[in-house]
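Thanks for coming, everyone. I have one structure to show you today.

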Amino acid sequence: MENIALKASGITKYFHDPVTFPVLKNIDLEVKQGEFVSIVGKSGCGKSTLLYVLSTMDRDYEGKLEINGKMATGSTLNELAYIRNSSIGFVFQFHYLLPDFSCLKNVMIPGLRLGKLSPKEVEHNAYEKLKMFGVEDLALKQSSKLSGGQQQRVAIARALINDPAIIMGDEPTGNLDSKNTRIVFDLFQQLTKEFHQTIITVTHDDDFAHKSDRIIEMADGEIVK
Amino acid sequence: MKISVNTEIALTYLSSRKKQTVVASMGVMFGISMFIFMQSLMKGTNDYFEKSSFSSTSHIRLYSENKVADSHMLKGFLIDSSVKMLTNPKQLKQSQGLNNPYGIIRNIKKNPQVTYVTPQVTAMVIYSSGSVTLNGTVAGVSIDEEDKMFDVQTNMVTGNLHDLNRVNNGILIGKGIADKLSLHVGDNITVRAGIGSPMIMRVIGIYATTVKQIDETKSYANIVQAQNLLGKDRSYVTDIKINIANYNDAPKVAHELETITGYKAEDWVQSNEQLKAAFKIRAIILNSVIGVILLVAGFGIYNILNMTIYEKIKEIAILKATGFSGKSVISIFLQQAVYIGIIGGIVGIIFGFGITLMVSRIYIGAGTLKYLPMSFYIPHYVEAVCFGVLTTIAAGYFPARKASKVDPVTIIRG
Ligand SMILES: Nc1ncnc2c1ncn2[C@@H]1O[C@H](COP(=O)(O)OP(=O)(O)OP(=O)(O)O)[C@@H](O)[C@H]1O
Ligand SMILES: [Mg+2]
């Protein structure tokens, strides 16, 4: 039997601005360990919102969320912070690196926070991750001085630093050319096949979506397929 | 050395915003250096006034005090068990002298705290020269011991104080007396104590203290001369003056001496109430000034950290999204406050010492006060740093807590 990496049941969420309306309507979702899932749908249908809920960052929802068989709904802020730090890697829709730090430091920081490895080992791993995306030359450059695509690749490297069980991406390849998109895709696929990491990624790239294991299509806050 | 991620992030933020860091540290530095300066000035001044009050007063003075009559005194007359009552009690006249003064002195010397003991005969006198007269007191002393205790030598204007031992009827007068009676060294002065017969004495020296009132009334004579002046014998002593190792213990030692001798022992604190009041007032002024300075410095830090958090709100959100807990975020921002406090503290110590040193060179030149009295007292510096760091922590805590409450989704969603 395959393990369930993430299980969401009955997720409903409302926004109240300017009027109360449901963004997510009773969403049930199960993702198995090692699965590579793409979420697609029209702009504004609630993909990012769903991803924030699944990543435990957004706690303002109805329904239940389990990560690696553990109930995340109702956990304390500190417990959730630990879950994110150790088990979830997140690539944001807009890259969101820390501008005061070098690329290397940006990748290292979640690893240092986790503290499982020595700073030396974390640094070594960070270099390895940067190398995978071909940005190791930029390691010591201040992150605010990178191009959009470069920043995005560093951000993906950061998401991988703690070898998280689940990697979530909100259009992680949105800024990348086709060559780099392929690199990222191949890498994601390798992670799921070889290391049984789970990937959930929102994408507008049909090609990318079709190559993944499963496509979840959303419309108006509901999963339609 | 292994520094934690929180520390590393705190230091990076501080160094990537050098200007704000410097401004905030300068606030702390200013507060701490002012703290040190004010404390040094106050302690210096207090020490000076304390010391100068000891240039004429001993730490403890033992004398015979008139007592109010009480009903116990009736016991000698009415031996029965009746209840004794006394209405309208009056002061009883006591002999001015102390009984067996040299025995008392021997006793006092047994107290390990006591450093100097000297007897004195105080006589209220009228000075006259020609047709001019002046009220005052003659202190009959052993001038050598008096000099050891009060450093009379530094107050000498003319003459040699040791002549008091050599010249039979010598007298050392204050400058005020000399001016009013136009006397010089070698002149004669007529001294009369109450109802006693007048005595002609020879001025062997003139002294001046910073206290005008003393200079205009007090003169020194040999203790034997003072006894003669009052028509008393060699065992007549009115006061015993006592110095002790640590003058702050005076009230305690005075109390002990009172119980063993049965005479009134007045410590310097009692006889210098106004000095203590001045100390207290100065302390209040000083503490309010320091309070305000630290408050301002604290607000500076508070503001700057608040601004930092406002600017860094996105980054705080990212940190939280990648798994930094609220506690880590507090630590990151509180550490920034602490480092600002430490930098400001170190520079403040150096600066405070510098100002203190500079001000201690300011020439005053009033009386025996040549330079502004400043003390260099290590605990002030320690206190200053403690206060500074406490202020910065207090000022940093609230912005840090605010940062820890940032909700990452609202920020990242944009
Ligand atoms: N803070 C908010 N308050 C109110 N409504 C919001 C808020 N954030 C998003 N929405 C609305 O919720 C809906 C879903 O937004 P979401 O960001 O999840 O869309 P998306 O599917 O990720 O779109 P895109 O593909 O353009 O990124 C949108 O209609 C959006 O206008
Ligand atoms: Mg989106």
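This is a predicted model: local features need pLDDT of at least 70, side-chain atom pairs count only at pLDDT 80 or more; totals for chains, interfaces and linings use all residues.

One of the contacts to look at is a salt bridge between the side chains of B:Glu8 and A:Lys105, at 2.5 Å, N to O.

Which parts of chain A supply the side that touches chain B? Strand S1 (4-15), H2 and helix H3 (103-114) each give at least two residues. H3(A) gives the most, with five residues. By type, that side of chain A has 14 nonpolar residues, two polar and seven charged.

Now the whole interface. Here 23 residues of chain A are in contact with 27 residues of chain B. The buried area is about 2300 Å², and carbon and sulfur atoms give 66% of it. On the chain A side, A:Tyr96, A:Asp100 and A:Arg113 lose the most area, together 27% of what that side buries.

Next, the sheet in chain A. Six strands form an open sheet, in the order S6-S7-S8-S3-S9-S10, with mixed pairing. The edge strands are S6 (88-91) and S10 (222-223), and each pairs on one side only.

Look at S7 (residues 166-170) and S8 (residues 198-202) of chain A. They run parallel, joined by five bridges. A:Gly169 stands opposite A:Thr201 in S8(A).

Helix H6 (residues 178-195) of chain A lies across S3 (36-41), S7 and S8, at about 135 degrees to S3(A).

Notes: Residues are numbered from 1 along each chain as its sequence is written. Chains are lettered from A and ligands numbered from 1 in the order in which they are written. Side-chain values use heavy atoms; hydrogens and water are left out. Two strands pair if DSSP finds at least two bridges between them. Helices (H or I, at least four residues) and strands (E, at least two) are DSSP runs, numbered from the N terminus. Contact means heavy atoms within 4.5 Å. Axes are lines fitted to C-alpha atoms, for helices over the stretch in contact, and angles run from 0 to 180 degrees between N-to-C directions. Buried area is the accessible area (1.4 Å probe) that two parts lose on being put together, summed over both. A salt bridge is a side-chain nitrogen of Lys or Arg within 4 Å of a carboxyl oxygen of Asp or Glu. Ala, Val, Leu, Ile, Met, Phe, Trp, Tyr, Cys and Pro count as nonpolar, Asp, Glu, Lys and Arg as charged, and the others, Gly among them, as polar.
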